[in-house]
Amino acid sequence: MEKVLMKGNEAVCAAAIAAGCKYFFGYPITPQNEIPEYMARELPKVGGTFIQAESEVAAINMVYGAAGAGARVMTSSSSPGVALKQEGISYCAGAELPAVIVNMMRGGPGLGSIQPSQTDYFQATRGGGNGDYKTLVLAPADVQELVDLTIEGFDKADYYRNPVMILGDGFIGQMMEPVVFKDRSDVELPEKPWATSGTKGERKPNIINSLYLGAEELEEHNIHLQAKYAEMAKNEVKVESFGLEDAELVIAAYGTTSRICKTAISKLEKEGYKVGLIRPISLWPYPFNEFEKINDDCKGVLTVEMNTGQMTDDVQIALNGRMPSYFYGRTGGMAPTPEEIVNKVKEILGGDR
Amino acid sequence: MEERIIAAGFGGQGVMALGQMLTYAGMVEDKRVSWVPSYGPEMRGGTANCNVIISDDLIGSPVVIEATTALVLNKPSLDKFEHSVVPGGKLFINSSLISTKSTREDIDVYYVPANDIANEIGNNRVANMVMLGAYLEATKMVGMDSIEKAFYKVFGENKAHLLPINKEALEKGAEAVRK
């Protein structure tokens with residue numbers, strides 16, 4: 001297929017449509033407005049429907065309805081908007097509905113800023129709504145990966161009957177990079193015998209619901225959900241790493257920040273520092289086992305994020321006290337510079353070489 | 001090779017399109033490319049800028065802090081980005097709108113009267129292409145064939161009638177550097 005130059009926000013839409021997404025419900029918010037714009041223009045051309053809902057809450061409940069009817073459906077927003085969608089995401093998880101939710105994160109808390117951030121790590125990975133549930137959380141670092149993870153996200157959502165979150169930052173949405181779309185014309189979408197697609201008088205009605213008034217019944221449902229999450233934790237970990245066997249220090253970073261760290265690591269290499277990288281691609285399930293590959297002489301793991309250190313919780317769980325955990329981050333829409341990261345690494349490892 | 005470019009000016013001067021032309025042309029030539037716009041509140045009535053990276057290797061940070069080249073189309077952009085250019089780098093100044101000179105002596109500075117040239121051609125709006133022409137002449141970063149292909153991608157096939165005036169602007173910009 002031909003290489004095309006696309007903005008992340010447009011590429012995620014093209015990927016969704018390539019994956020068979022026919023429905024999009026959303027409400028505008030910077031920095032992801034190209035997504036509803038693209039879907040409004042392109043979905044009718046493939047026989048789909050775009051609706052600008054009256055609110056984020058309405059949008060996610062439209063997603064619930066379309067997913068329940070068996071359609072491939074997506075919604076998108078940015079941080080404060082995704083906060084509003086949490087109730088509906090929890091309902092989707094409870095009712096086991098597949099859907100893809102895109103969050104192009106901006107600075108917070110509250111309405112925050114419109115500039116890039118990664119402040120929704122906890123919201124995304126801990127289950128931002130009520131109840132014991134998990135969403136598969138995928139964090140692309142470039143536009144090609146955004147496309148690939150979005151297409152895969154729809155397949156995984158259907159396979160597990162669970163919401164999938166694409167967690168990008170403002171840069172991922174706004175950046176233009178070349179992308180190639182793989183031919184998917186021979187991919188058949190899975191049957192959904194559970195969907196409320198009409199009985200045609202031939203079967204009992206299907207019911208989509210997240211309400212279980214009987215405590216025993218709900219516990220049984222929760223045990224079923226947890227078994228599904230365990231399966232996801234076993235099979236869906238995605239991670240990129242390098243240099244772990246001889247690194248003096250390892251940086252853990254995801255999304256755009258991981259790219260800034262790569263630039264910093266190559267600068268440090270020229271000055272004689274050996275720094276490795278762990279880039280979680282799936283933020284849930286988290287690649288805990290990757291940290292076991294770090295050599296015993298390593299001085300520690302430096303987490304770098306565009307927030308105040310949310311991922312350090314997972315890094316510390318992974319390290320289990322084996323070595324120190326450090327943090328460097330910027331917030332409010334500021335991105336760390338490679339120089340800042342270089343300086344932080346030198347501060348930890350000590351002096352110039 | 002990694003070329004890290006900042007293109008900056010007033011909203012409406014076409015710096016985003018200038019950056020996209022370069023990015024497309026780089027892609028046409030099978031280089032690694034990225035384009036990031038400023039999309040903050042400063043875009044609304046103030047300065048706009050974009051970061052373009054054209055590289056032989058994987059691109060790390062898409063954000064340009066140490067620029068190898070800056071193209072500045074107005075005075076606030078000169079003030080903001082003059083010191084972002086690395087020693088030995090290039091700075092292209094739209095001298096139609098910027099009367100001050102650069103204070104940098106460790107970089108190559110090109111003064112291009114982009115708006116004057118654009119007005120001579122007959123369309124003030126191609127000043128961005130005059131700047132791009134000057135840049136291409138000085139750096140040979142991408143070929144003119146690739147820029148032409150990029151033109152259709154950025155502006156669409158239905159703007160084909162504007163290609164001649166844009167090509168003229170590119171050529172006059174190149175001439176300004178050759179002088």
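User: What makes Lys267(A) and Glu339(A) a salt bridge?

Analyst: Their side chains meet at 3.2 Å, N to O. A salt bridge needs a side-chain nitrogen of Lys or Arg within 4 Å of a carboxyl oxygen of Asp or Glu. The pair therefore meets the rule. Lys267(A) lies in helix α10 of chain A and Glu339(A) in helix α12 of chain A, so the bridge ties together parts 72 residues apart in sequence. Helices here are DSSP runs (H or I, at least four residues), strands likewise (E, at least two), numbered from the N terminus.

This is a predicted model: local features need pLDDT of at least 70, side-chain atom pairs count only at pLDDT 80 or more, and totals for chains, interfaces and linings use all residues. Residues are numbered from 1 along each chain as its sequence is written, chains are lettered from A and ligands numbered from 1 in the order in which they are written, and side-chain values use heavy atoms, with hydrogens and water left out.

User: Why is Lys267(A) called partly exposed?

Analyst: Its relative accessibility is 26%. Buried means under 20% relative accessible area, exposed over 50%, and partly exposed in between (1.4 Å probe, protein chains only). Lys267(A) therefore counts as partly exposed. Glu339(A), at 25%, counts as partly exposed too.

User: Why is Glu290(A) called buried, and what is Lys293(A) called?

Analyst: Glu290(A) has a relative accessible area of 11%, so it is buried. Lys293(A) stands at 51%, so it counts as exposed. The two form a salt bridge, with the closest N and O atoms 3.0 Å apart.

User: How do you know that Asp120(A) has no salt bridge?

Analyst: The nearest side chain of opposite charge, Arg106(A), is 8.5 Å away. Lys and Arg count as positive, Asp and Glu as negative; His and the chain ends are not counted.

User: What makes Asp120(A) and Ser79(A) a polar contact?

Analyst: Their side chains are joined at 2.6 Å. A polar contact is a pair of N or O atoms within 3.5 Å; within protein, one must be able to donate a hydrogen and the other to accept it, and residues adjacent in sequence count only if both atoms are side-chain atoms. The distance therefore falls inside the limit.

User: Why is helix α1 of chain A called largely enclosed?

Analyst: Eight of its 11 residues (8-18) are buried, so the rest of the structure largely encloses α1(A). Among the buried ones are Val12(A) and Cys13(A). The cover includes β1, α2 (34-42) and α7 (143-160) of chain A.

User: How do you know that chain A and chain B are in contact?

Analyst: 25 residues of chain A are in contact with 23 residues of chain B. Contact means heavy atoms within 4.5 Å. The two chains bury about 1900 Å² between them, 64% of it on carbon and sulfur atoms. Buried area is the accessible area (1.4 Å probe) that two parts lose on being put together, summed over both.

User: What salt bridges cross the interface of chain A and chain B?

Analyst: The rule finds three. One of them joins Lys153(B) and Glu2(A), the closest N and O atoms being 3.8 Å apart. That is within 4 Å, so the pair counts.
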